Amino acid sequence: MLLDYDLPKHHVNTRKALPKSIKETLLESTRSEWKKHPRFGGKANFFMNIHRDLLNGSAKMSLAIEELLDVPQSEVKGAVKSMNLLPFSRNLIGFAHHHHEIEDHGYFPQFALLYPELDRGLSLLDGDHKVLDAALDETQIALDNLKGGQVNRDHLAKLHAGGKALEKILNRHIWDEEEVIIPIFLRHG
Ligand SMILES: [Fe+2]
Ligand SMILES: [Fe+2]
């Protein structure tokens, strides 16, 4: 491990931004100017659209779970069905796992070869993916439990807290990941 991921300044649950030691290794670039770049229309835009889809999807899932908290217990299962919550969430969680896999096995190893100085940044993103993948799996298990016997308030409250936590770490990860990878896509198309 190139950095101690569990330090609060590194961990996606606790950090407020990319640490300075990683920021200073990034390619020179200004976020507000990305869209004007002649190569923005390629992979940069493609990845940013995927990221917006993931963020919008996780916000939508959290909101749906929040609405369930106001539904009488006997009507929860019917509400879950009419919201289409389970297929929607399964699709979103599968999409997020798939996206991380493509980054971990396709893009990040290539970036590491091209830009060895980014090793700490890429290592941080790799640590994020592990935390995110575990949070996605936990959310999937909690959602699957909605299909089983009686759904109680505690279960819904836990699912809601998990969904909000997932949304928060996804936002942190995606913002920081874009700081690392979008300048690379702008340079190479
Ligand atoms: Fe990503
Ligand atoms: Fe990622």
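**Helix by helix**

Modeller: Start with helix H2, residues 43–68: at 1.5 Å a residue its 26 residues should span 38 Å, and the end C-alpha atoms are 38 Å apart, so the two agree. The expected span is 1.5 Å times one less than the number of residues. Helices (H or I, at least four residues) and strands (E, at least two) are DSSP runs, numbered from the N terminus.

Biologist: Where does the numbering come from, and what kind of model is it?
Modeller: Residues count from 1 along each chain as its sequence is written, while chains are lettered from A and ligands numbered from 1 in the order in which they are written. This is a predicted model: local features need pLDDT of at least 70, side-chain atom pairs count only at pLDDT 80 or more, and totals for chains, interfaces and linings use all residues.

Biologist: Back to H2. Which of its residues are buried?
Modeller: Ala44, Phe47, Leu54, Ser58, Met61, Ser62 and Ile65. Buried means 20 or more other C-beta atoms within 10 Å of the residue's own, exposed means 12 or fewer, and partly exposed is in between, with C-beta atoms placed from the backbone.

Biologist: What do they pack against?
Modeller: H4 and helix H6 (153–188). Contact means C-beta atoms, placed from the backbone, within 7 Å.

Biologist: And the protein overall, how many helices and strands?
Modeller: 6 helices and 0 strands. Buried residues make up 24% of the 189 residues, and the C-alpha trace spans about 55 × 35 × 25 Å along its principal axes.

Biologist: At what angle do H5 and H6 pack?
Modeller: Helix H5 (residues 119–144) packs on H6 at about 155 degrees, with the axes 10 Å apart. Axes are lines fitted to C-alpha atoms, for helices over the stretch in contact, and angles run from 0 to 180 degrees between N-to-C directions. That angle makes the pair roughly antiparallel (over 145 degrees).

Biologist: Which residues make that contact?
Modeller: Among them are Leu125, Val131 and Leu132 of H5, and Leu159, Leu166 and Ile169 of H6.

Biologist: Where does Asn84 lie, and is it buried or exposed?
Modeller: Asn84 is in the loop between helix H3 (76–82) and helix H4 (85–114). It is exposed, with 11 other C-beta atoms within 10 Å.

Note on methods. Two residues are in contact if their C-beta atoms, placed from the backbone, lie within 7 Å. Angles under 35 degrees count as roughly parallel, over 145 as roughly antiparallel, 65 to 115 as roughly perpendicular and the rest as oblique.
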